[in-house]
Amino acid sequence: MSDDMLRAPAEVKYAEELDYLESIDDGPKPFSWRLSPRMIRMFVLGSERADGIDREIPQKWFGDRSFVERSIVTLASDRGLLLIGDPGTGKSWLAELLSAAICRNSTLVVQGTAGTTEDHIKYSWNVSMVIAKGQSRESMIPSPIMTAMEGGVIGRFEELTRSTSDVQDALISILSEKYVSIPELDDDNIVFAQPGFSIIATANSRDRGVNDLSSALKRRFNFVRIPVVTNKKSEAEIVRFRTEELLRRHRIELDLPPTLLDILLQSFADLRSAASSATSDDDKLESALSTAEQIGVLEDAILHSHFFGDRVLRAQTLAGSLVGSLARRSPEDLAILNKYWHGVVEPRSKKDGGEWPEFLEGGREAIATLS
Amino acid sequence: MIDQPSPFGSLREQLLGAAEQFAEGPVAVSGILSGLVDDVDRALREELEIFPVCHHSPASALAMVRRLREKQPKVIYLELCEDLQPLLTELRNCRLPVALQAFATDIDGFPKSWAPLSVVAPITEASAEYQAISYALETPGVELVLVDRSTDHVFQWAPGEEPQTAAKEEEAGLHGDAVGVEIGDLRPRFAELEEHLLHHGKVRHWSEWWDQYVEQPLSGADYETYRQVMVLIGSLFRRLGPGGGRLAVDEDRERYMWTRMREHLSASGADAADCLYVCGAFHAASHVEQFGVRSEAPFEISPRTGTKWLYGLIPSSHSAIEAQFGLAPGSVSIAAATWSKALTRGKLTPFQLQGQKGARKRPAKLPAPVPQGDVADKLTGFLSSPPALDALDEAELLGWSVDIVRLARRNGYLASTADAIAVYETSILLAGMRNRARPTPYDFQDAAVTCIEKDSVPGRRDVRRLCEILLGGDRVGEVGYDALPPLARNVYDRLAPLGLDLEKRTIQRALLNLQAEPDLVPCSDLLWMLRHLLPSDAVRPIMGERKLGERSIQESWDLSFGKHQRSIIELGYEGVTIEQVLEQRLRRKVWDQKATAAVALAAVEDAILFLGSRRFADELGARAVELLAAERTVDDAPEVLRRIRRLMAYYRSAEPELPAWCEAFATSGYAHYCTLLPTAFVDDDTGVRQVSAMLGFLFSMESLALALGCDRAQLELAVQQSHPEAPAKVALLWAARHQLGLLPLAELRSRADELLANPLVIPSFPQYIIGFVQAMEPVPQLSGFVVEVISKAFGRLPDGVLLPWLPKLITTLREGAAELVPVLVREAGRTFPGSLTAADTWTPPWESRPQPASAAGAAPMASGPVAELLLAHPAACDAVAGVLGCAGEWAAPGAGPADGHPEVSALLDGHPEAALALAGLLS
Ligand SMILES: Nc1ncnc2c1ncn2[C@@H]1O[C@H](COP(=O)(O)OP(=O)(O)OP(=O)(O)O)[C@@H](O)[C@H]1O
Ligand SMILES: [Mg+2]
């Protein structure tokens, strides 16, 4: 099945692994969970030899162990989980992994936007059916959250802070009373949440202030703050992990030379430190330079070399993609990149050699083309 | 080993895993494993009983209490610098944690740049060493012997480079820049091993690893198990650790300790069986030849250097210890909490020094010692019994959960009972997930953060910090009066009249009404000295000032001695009284290689203000003269000028005559600055401000210098030799020439007007203005002219030139705000109209000047002998007019007898000296 989808949800992609874990899991499971908390942790963070299982479970989310533990434990309690952090820190990905592991369903997602209404988290009506048969449970379209309640599984709410306060208020009653009533119906008009229902929401800390959460809603969520990965080693792991997945998805046979990965990580690290010492916004790239952004650059470079190049990833292509994805504002971003190329890449290419000279060349060309 | 679930199962796995990871190949692993067994065996069989400890391990402290009660040794050998021994009894006067300190400023045998040398050894109450110390000092007939290398050897054996230190803050900085030594340092010796253990142990930091894998399983263990486990860990870290300098030092220490112990045994005739050797587990697994009482391997202990060491106690704190030894924040507090819980649980009475703050009145009698059994393999038996979970833990966790919610509320969180329940549940869930039998403080902390922390921290402290506070918080020690050095005691004694409790850690407010209570004057004097010597928030004047020639009659002070006890104690290493320390410091400052005249003048001022000793101030002043003469740059000229003016003003008002050094300073300064003036005018690196200060010095000291024999020609020559090119300095030079009478005001004005009229120089005109503004300092009578020039500039300069330069003008004025601005403003106030209506009809005086000038011309020309005299001998008048800035022309004599009084002219013609001298003086 996963072959037919552009991007399979985690429970499909890792179905076999989840089956395996379920088969060896003898730990106690809360509610109707499919796996015990420890197995979920292993699914997300990967196995170790000391865990004594016969196959290796790869790590899927990279970050401090305690974040994962705290998240799992929160879901086993009666509070919702709110993952909060900078863009691109893997919040949505962690939410997906957790729901996949807990209930094998990570697709009950509501996307929070300014246009999200109460209907999106409760229910709406199939108008033609209502006209034909009147209002009934049949003609009602439950929202993903309501579906999750009925099934006793995890519902997800992306970008919670972007939705308006009406929507947030509706969520309060769902989280505290754990039922939704349908006043339009005369009977069978209450949907109760089954045990195991909970919500994983994500919020972007840069959005704070857009629609601040009410304290009533805050109280019903445990907050787990996911920081930006600054450790180069784990960042490398994330990038490699995601890119390999991407290659698999596009069925691309291509080597990712470790030296190029190093160059990518190094240049992001340089640009980040430049950004943090910049005094005005004009001296700072518009991009947040997150891990996700790095993945984006690499992805672009890979696709480019695969479809337009000679199927080998070259430093030159990487440089081109990096410039292309980071130069969003002309001339500010271009000027910053140009400065970086002259001030940092050039000396480094003289000193370190390796792939750097080619990277230097590629970047120069790309900057020249764009300016 | 056995394959049953056991408290040590996971520790074994951890250690085995580490051995496999870091040993090279399977052969090496088995080598290491058998080596571990050998090490444990050897340490436990040693005739002199070895007690392996780990720092901040409640398990170590507990085992120590039990063992001491059981064995009641006669001699205790302790791994601690031997020269710290005399300090130990002083611990009685302190509230722990405090640190034993050795301090040296007077160094001999080490690179000078290392000074001051400072070593601290913190002692906490929850430590095995404190138990051993208390037992030994409180039990009659027991001897305590410190056997580790002296503090001098700490530096002798230090690797070549300077001992490094890092900046810390507040409580964490209690130890200052000292090098820390600790008993029982037991931690992986290289980062990869620690990382490996943390990663595989699924914990965040070392303290948590230790707590989970060693501390908890050991909490109920018996002595033999305890020793075996500790030596095992010590041995593994030793075997996996890198060799190199640090290990070499450790081995030397082991040789040192065993040599000292053997020396003591043979000298005292003590039976090794009655002794106990307390050392870090790392050293228990030592391989040096000198190991064991039976060893005969020699070791020569090198003599100490000539460095003079001073000893004392300084306050310490949990956070200072954590910062110094790289432990996770809160871990020492958590260890202390675990220790007191374990005492309650085990119904144990710890040993405590008499007199210790908070100590029980009389020590409990020790029961009879228990005879020593055989060393058996207790590990096996213990491994199969799971740890007992008791009600105490549950109640404790509940208590914590309730308390943290209360604490959080007090700190602005919207936490409720529901949160308390959630924290409790979450702690248990987390512990379960982390494979722990019961939640540790770390689980609790994580749970509290999860359930209470939201998107922002409402108050000053976040939940993590609140948990640390709840679990014991930082404890800050205090050194009691009797254990203080003489200087510190002296300070407290002399401040006693203030009637404040200066040992309190909170800020104390002292109010001194010096008029009503003149006996508080000495306190005030002392406070001003302390203000000078201590960190600024230790002693802060809120009201009152002490300046040259000024004393307040009322003062109020914020005193925070409790918090800054260390600083006071460390002053005590420098001398016996504050006065002595201050005098030494000032002396050191002016004799330093980098000292400048400005520094020396500042020292003179301090000496007058704080020490009131004329003799000493003169000594420092004489040094200032020397320093000035030797200076090759004039960077400090503004500072020198400011200070010497202030000092002279003070001496003139307070003393009958200037001290000799002041006179010497004036004359040698006059010659010095004259010599440097031409270079300073052309040198690009010398600022306008510096040159202006030099001129200021020359002009204002002139009369004094000339009176003392200097030659004015020197100054004139210097000015004539100056040929600046930078516009600002050109302006300054003009002003100087004007001051010397070489350039009348009228000419100065016309030069300025020319500049303004010349489009080629207009862009640099603002620079001239800067020069003129600076010139107000040395030539204050020019201020009217400066207002004029500025007004003209604002009126005539194009915006394109004016605007970019404004900020520069403002910063220039700001630098000299104290001197320049008031003059300028006063002058401007005099020049410009005071009201709006007046402004309409106002013409600037310099534009209306021709009229009064012509009016004066129109005035009837007086005639008579005076007019004739002046007409015939105009030099003196011209000179006066030049100085006053009046332009004018000699009018033809009015009607009147031309030769009315020929006798006067005849007199002057005959004796022109007086008139010529007056003219000469004025021009
Ligand atoms: N710590 C991480 N572990 C694994 N993958 C990560 C991690 N951080 C980022 N990624 C990868 O980066 C990409 C973006 O992550 P994701 O969409 O989850 O970010 P987000 O935090 O939800 O961002 P936003 O706030 O913009 O929604 C994902 O493909 C994810 O796999
Ligand atoms: Mg997202």
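Author: Helices (H or I, at least four residues) and strands (E, at least two) are DSSP runs, numbered from the N terminus. This is a predicted model, in which local features need pLDDT of at least 70 and side-chain atom pairs count only at pLDDT 80 or more, while totals for chains, interfaces and linings use all residues. Residues are numbered from 1 along each chain as its sequence is written, chains are lettered from A and ligands numbered from 1 in the order in which they are written, and side-chain values use heavy atoms, with hydrogens and water left out.

Reader: Is B:Leu502 buried or exposed?
Author: B:Leu502 sits in the loop between helix 18 (486–495) and strand 11 (508–513) of chain B. Buried means under 20% relative accessible area, exposed over 50%, and partly exposed in between (1.4 Å probe, protein chains only). Because its relative accessibility is 7%, B:Leu502 counts as buried.

Reader: Which residues is B:Leu502 in contact with, leaving aside its neighbours within four places in sequence?
Author: Contact means heavy atoms within 4.5 Å. With those neighbours left aside, B:Leu502 is in contact with B:Tyr492, B:Leu495, B:Leu559, B:Phe561 and B:Gly562.

Reader: How far apart in space are B:Leu502 and B:Lys563, C-alpha to C-alpha?
Author: In sequence, B:Leu502 and B:Lys563 are separated by 61 residues. From C-alpha to C-alpha, the distance between B:Leu502 and B:Lys563 is 9.7 Å.

Reader: Which backbone oxygen does the side chain of B:Gln72 reach?
Author: B:Gln72 lies in the loop between helix 3 (58–71) and strand 2 (75–81) of chain B, and it counts as buried because its relative accessibility is 16%. A polar contact is a pair of N or O atoms within 3.5 Å; within protein, one must be able to donate a hydrogen and the other to accept it, and residues adjacent in sequence count only if both atoms are side-chain atoms. At 3.0 Å, the side chain of B:Gln72 reaches the backbone oxygen of B:Arg69.

Reader: What is the area buried between chain B and chain A?
Author: Buried area is the accessible area (1.4 Å probe) that two parts lose on being put together, summed over both. The contact takes 26 residues from chain B and 26 residues from chain A. Carbon and sulfur atoms give 50% of the area buried between the chains, which is about 2,400 Å².

Reader: How many salt bridges are there between chain B and chain A?
Author: A salt bridge is a side-chain nitrogen of Lys or Arg within 4 Å of a carboxyl oxygen of Asp or Glu. B:Asp419 forms one with A:Arg79, where the closest N and O atoms are 2.6 Å apart. Between chain B and chain A, the count of salt bridges is 3.

Reader: Which helix of chain B gives the most to the side of chain B that touches chain A?
Author: Helix 6, helix 15 (417–433) and helix 16 (441–452) of chain B each supply at least two residues of that side. With 8 residues, the helix that gives the most is helix 15.

Reader: What is the phi of A:Glu159?
Author: Most residues other than glycine have a negative phi. A:Glu159 is in the loop between strand 5 (154–158) and helix 9 (165–177) of chain A, and it is buried, with a relative accessible area of 14%. Its phi is positive, near 55°.
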